[in-house]
Amino acid sequence: MKELFAPNAQPSRPVFATMVGAQLLVLVLLWVFFPLQIFPSLGQVLRALSDLITTQGLLQELWASMTTALQALAIGTGLALGISYLTALPFFRPIAYAATKMRYLTLTGLTFFMALLLSSGHQVKLSVLVFATTVYLVTGMTSVILTTTQEEMDHARTLGLGEWRSFLEVVVRGKLDLMLEVVRQNFAIIWTMITLVETLYQSEGGIGLLLYKQNRYLHLDGVLAIQLVILATGALQDYVFVLLRRVFFPHSALTAAQG
């Protein structure tokens, strides 16, 4: 037990899992036996979740949002990788710099221009998500590229590799695991944005629209049930990304341990 309260300690996996389980149990017990007046009880939330699944199509709406989110993530990741890797050429560095600063833009006015340029609500919704994802991914990915040291590049050159081959081996292939981590961290942005865009463009439904309706009619138990579903979905996504990283980049865990 002492290791749980020691700075920088590394408790074993069973000890850590037991600690997390105990904390969750305490949280649930507090929710059951000491509920807050403004907070729905656990029973109310479970009944609302059952109603949302059986009568309001919660799972179908979740799947609709998930497919849109994955589309936006795939397109945004491709764009962000292209912009970030092009920073190897000085000509394109201002573009990447501008892209990183665009994350400060609000989407309220941008959705209007996108609606004028695009023909369908799905395209507008997807373009908003792609924009928001890309600017954050470019910020993270360029930061990863900037961690490349001169020693790493010099080492590649001493092996007889040219400039482009050194870039490919050291920056592109050598940092793919870190790029995957950047994608994992920024996937959450899509879930925070998707409730906004699905509320603005309601033709395709989605869990964001369902959440908006529950909130509009002050069904707080339904709101909390949907939020917990989104939270569980996000946690599952995180786990899948970590699993992918372990499978495709097993050396990344070793590098982290050495660091």
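Which residues are linked in a network of salt bridges? Asp 177, Glu 181, Arg 184, Asp 238 and Arg 245 form this network. A salt bridge is a side-chain nitrogen of Lys or Arg within 4 Å of a carboxyl oxygen of Asp or Glu.

The model is predicted, with pLDDT of at least 70 needed for local features and 80 or more for side-chain atom pairs, while totals for chains, interfaces and linings use all residues. Residues are numbered from 1 along each chain as its sequence is written, and side-chain values use heavy atoms, leaving out hydrogens and water.

The protein chain holds 12 helices and 0 strands. Helices (H or I, at least four residues) and strands (E, at least two) are DSSP runs, numbered from the N terminus. The C-alpha atoms fill a box of roughly 65 × 60 × 30 Å along the principal axes. Of the 259 residues, 35% count as buried. Buried means under 20% relative accessible area, exposed over 50%, and partly exposed in between (1.4 Å probe, protein chains only). Among contacts (heavy atoms within 4.5 Å) with a separation of 6 or more, 70% come from residues 24 or more positions apart.

UniProt, in an unreviewed entry, places the feature "transmembrane region" at residues 12–34, 69–92, 104–122, 128–147 and 224–244. Such annotations may be inferred rather than shown by experiment. In the model, residues 128–147 are 95% helix and 0% strand, with end C-alpha atoms 30 Å apart. Residues 224–244 are 100% helix and 0% strand, and their end C-alpha atoms also lie 30 Å apart.

The whole structure contains 10 salt bridges. Arg 245 pairs with Glu 181, the closest N and O atoms being 3.5 Å apart. Arg 245 lies in helix α11 (residues 220–248) and Glu 181 in helix α9, so this pair ties together parts 64 residues apart in sequence. Glu 181 is buried, at 17% relative accessible area.

A second bridge joins Glu 204 to Lys 125, with closest N and O atoms 3.0 Å apart. Glu 204 sits in the loop between α9 (176–200) and α10 (207–216), and Lys 125 in helix α6 (residues 121–146), so the pair ties together parts 79 residues apart in sequence. Lys 125 is buried, with a relative accessible area of 2%, whereas Glu 204 is partly exposed at 38%.

The bridge between Asp 154 and Arg 157 has closest N and O atoms 2.9 Å apart. These residues are 3 apart in helix α7 (residues 150–158), separated by about one helical turn. Asp 154 is partly exposed at 35% relative accessibility, and Arg 157 is partly exposed at 32%.
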